[in-house]
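Hi,

Here is the structure I promised to pass on. Have a look, and my notes on the aromatic rings and the nonpolar cores follow below.

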Amino acid sequence: GSGKSTVIQQVSTNVHAAFRRIERFHHRPLLRSRASQGPVTDPHGKPLRGTALSMAKLGYWLVQYWIGWGAKVFPSKVRSTLVLFDRYYDDVKADPRRYRYGGPRWFARLVGKLIPKPDLSIILDVPAEVAHARKPELALDEVRGLRNAYLTLAREINAHVVDAGRSLPDVIADVERIILQHLVERTRKRLEKGIQYG
């Protein structure tokens, strides 16, 4: 209920001039964005997998991430492409039920340390009541728990938290500002490094 898909779509359009191309993926770098398939209407509807299968699934994802980064993400970044992920691996640490993960939390965190890290992470935050009103698939108490889990995750991975309870133009402007400021800071560091070693 944070308006994530809409924000990604609009940001892709607005910042396109700063990049040669835009690439969008859903969760893993081998999966194209599934916006055309529509939203997930029952994210916690299926039962959790058993411990062994859950752990094997994360191991499989680990392989997928590295293959995807080598084949898709890194070559795109070299060609000045903005690579956007609609969700990422860290999502499973905040909301394991969405991915039917029934294994130990420590293992999910261990795999997370081995997954390639994005340059920038942004979490759209809305009050639980607002998120529940927009998407009432989950109980309000469950939504409150998820919000707390994502805010904890944001501190853990040093993500930018954007208040998505405001108007959509304000949210989009904030996300674009964070992306462009990151580009400016990265360019500044490269120039300083070039001066030092030039």
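This is a predicted model: local features need pLDDT of at least 70, side-chain atom pairs count only at pLDDT 80 or more; totals for chains, interfaces and linings use all residues.

Let's start with the aromatics: ring pairs join Phe25, Trp61, Tyr65, Phe85, Tyr88, Tyr89 and Tyr99 into a cluster. Rings of Phe, Tyr and Trp (its six-membered ring) pair if their centres lie within 6.5 Å; planes under 30 degrees apart are stacked, over 60 edge-to-face, and the rest tilted.

Residues are numbered from 1 along each chain as its sequence is written, and side-chain values use heavy atoms, leaving out hydrogens and water.

The pair count comes to seven. Phe85 and Tyr88 have ring centres 4.9 Å apart and planes at 85 degrees, so they sit edge-to-face. Phe85 is buried at 19% relative accessibility, and Tyr88 is buried at 10% (buried is under 20% relative accessible area, exposed over 50%, partly exposed in between; 1.4 Å probe, protein chains only).

Now the cores (buried Ala, Val, Leu, Ile, Met, Phe, Trp, Tyr and Cys joined through side-chain atoms within 4.5 Å). The largest has 22 residues, and Val7 is among those with the most contacts inside it. Leaving aside residues up to four places away in sequence, Val7 touches Leu124, Leu168, Val171, Ile172 and Val175 (contact: heavy atoms within 4.5 Å). A second, separate core of 18 residues includes Tyr65, Trp69, Tyr88 and Val111.

Cheers
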